[in-house]
Amino acid sequence: MAPVWEKFASKVAGVVSPRHRRWQRLLRSLTIDPDLLTDPIAPPGPRDFVVCGSPRTGTSLLSGMLLQPPEIVTVMEPWDGLRLPPAELFASLRCEIEETGRMRRGRLDVSKLTRDGAIAWLPEHASAFEVSTAPGYALGVKWPAFWRYIDRLPDTKFVVCLRHPFEVIGSYERVGGRLARGLEYDVPFNRAMNEVLLAATDDVRVRRVLLFDYIHTRLLPMLARPNVLTVRYEDWFTSPQELWADLAAFLDVPLARNAITIEPRAPAPLAPSARNLVVEHCTTAAALGYSL
């Protein structure tokens, strides 16, 4: 085991490293707070849509599945989504596509998706991919936290991903970072939520459950709206044909069965103590259609 001073030195080195400083500069540049946008918020265009929901519910998978140019293009978590209001964000993405025929924003590894049928992440701007589009193509932006816009953009289409609480909360822990602490990025977009969660408990195990509930308590009243389609992660395995048909009809685009490799696998089990905390503290599971 490393001496205490070595652990401390390693932690300090991480804080002052160039990579850490770049990350902090990036976070400081993500300044938008939806609560400070005055109503009505200017809507994106009629062929623009949002993929959102809690993190770790399959939003990245869906974003990759829907990347099917020339009829539909998706952009996965462009940092400008936490800088620009929705109408400006979508307009800027369309401008980039239509003026350059390429897309540099977003963090989906399109080369790996095309070559291996796998969802993988890249740093934004690490690569650009060519985009051909048809007239009237649909454009989607995937940002889990964009569920916050559903109530304020009643004419914009939102695809909301859902997944069993055990799997989502267990994934928060395994992915590490702030999600493992039951928090989202420390930026104005998430600040009010993070403050509520930090005030609620010092126990990160409980806070992960409260993060799940915070998001879904607010999502539940909006899931029946005509501009919202819910996609359950489990449906990719149990009823994929119906899911594809629902997506095509909702987005009004022809969709093909994507070549992405997706195989059902048993989720990593939650420890009994963690499962007990979910059962004790999760209040939204039944309303979402999941049994604990």
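Colleague: In this predicted model, is helix H6 (residues 165-175) largely enclosed or open?
Modeller: Burial is judged by a relative accessible area under 20%. Eight of the 11 residues of H6 are buried, so the rest of the structure leaves this helix largely enclosed.

Colleague: Which residues of H6 are buried, and what covers them?
Modeller: The buried residues are Pro-165, Phe-166, Glu-167, Val-168, Ile-169, Gly-170, Ser-171 and Tyr-172. Their cover includes helix H7 (177-180), helix H9 (204-219), helix H12 (272-281) and helix H13 (285-288).

Colleague: Which residue follows H6, and what is its phi?
Modeller: The residue after H6 is Gly-176. The phi of Gly-176 is positive, near 80°.

Colleague: Are H6 and H9 oblique or roughly parallel to each other?
Modeller: Two packed helices are described by the angle between their axes and the distance between the axes. For H6 and H9 the axes are 9 Å apart and the angle is about 125°. Angles under 35 degrees would count as roughly parallel. The two helices are therefore oblique.

Colleague: Which residues of H6 and H9 make the contact, and how many of them are nonpolar?
Modeller: The crossing of the two helices is right-handed. H6 contributes Pro-165, Val-168, Ile-169, Tyr-172 and Glu-173, while H9 contributes Arg-208, Val-209, Leu-211, Phe-212 and Ile-215. By class, the contact of H6 with H9 has two charged residues, no polar ones and, as the number asked for, eight nonpolar.

Colleague: How is H8 placed against H9, oblique or roughly antiparallel?
Modeller: The axes of helix H8 (residues 188-200) and H9 come within 10 Å and cross at roughly 140°. An angle over 145 would count as roughly antiparallel. H8 is therefore oblique to H9.

Colleague: How many charged residues does the contact of H8 with H9 have?
Modeller: From H8, the residues Ala-192, Met-193, Val-196, Leu-197, Leu-198 and Ala-200 meet Arg-207, Leu-210, Leu-211, Tyr-214 and Ile-215 of H9. Sorted by class, the contact of H8 with H9 has 10 nonpolar residues, no polar ones and one charged.

Colleague: Is Ala-285 buried or exposed?
Modeller: Ala-285 is found in helix H13. Leaving aside residues up to four places away in sequence, Ala-285 touches Pro-165, Tyr-290 and Leu-292. Its relative accessible area is 3%, so Ala-285 counts as buried.

Colleague: Is Asp-252 buried or exposed?
Modeller: Asp-252 lies in the loop between helix H11 (240-251) and H12. Although not a glycine, Asp-252 has a positive phi of about 60°. Its relative accessibility is 55%, so Asp-252 counts as exposed.

How values were computed. Residues are numbered from 1 along each chain as its sequence is written. This is a predicted model: local features need pLDDT of at least 70, side-chain atom pairs count only at pLDDT 80 or more; totals for chains, interfaces and linings use all residues. Side-chain values use heavy atoms; hydrogens and water are left out. Buried means under 20% relative accessible area, exposed over 50%, partly exposed in between (1.4 Å probe, protein chains only). Helices (H or I, at least four residues) and strands (E, at least two) are DSSP runs, numbered from the N terminus. Contact means heavy atoms within 4.5 Å. Axes are lines fitted to C-alpha atoms, for helices over the stretch in contact, and angles run from 0 to 180 degrees between N-to-C directions. Angles under 35 degrees count as roughly parallel, over 145 as roughly antiparallel, 65 to 115 as roughly perpendicular and the rest as oblique. Ala, Val, Leu, Ile, Met, Phe, Trp, Tyr, Cys and Pro count as nonpolar, Asp, Glu, Lys and Arg as charged, and the others, Gly among them, as polar. A crossing is left-handed if the near helix is turned anticlockwise from the far one by less than a right angle, and right-handed if clockwise.
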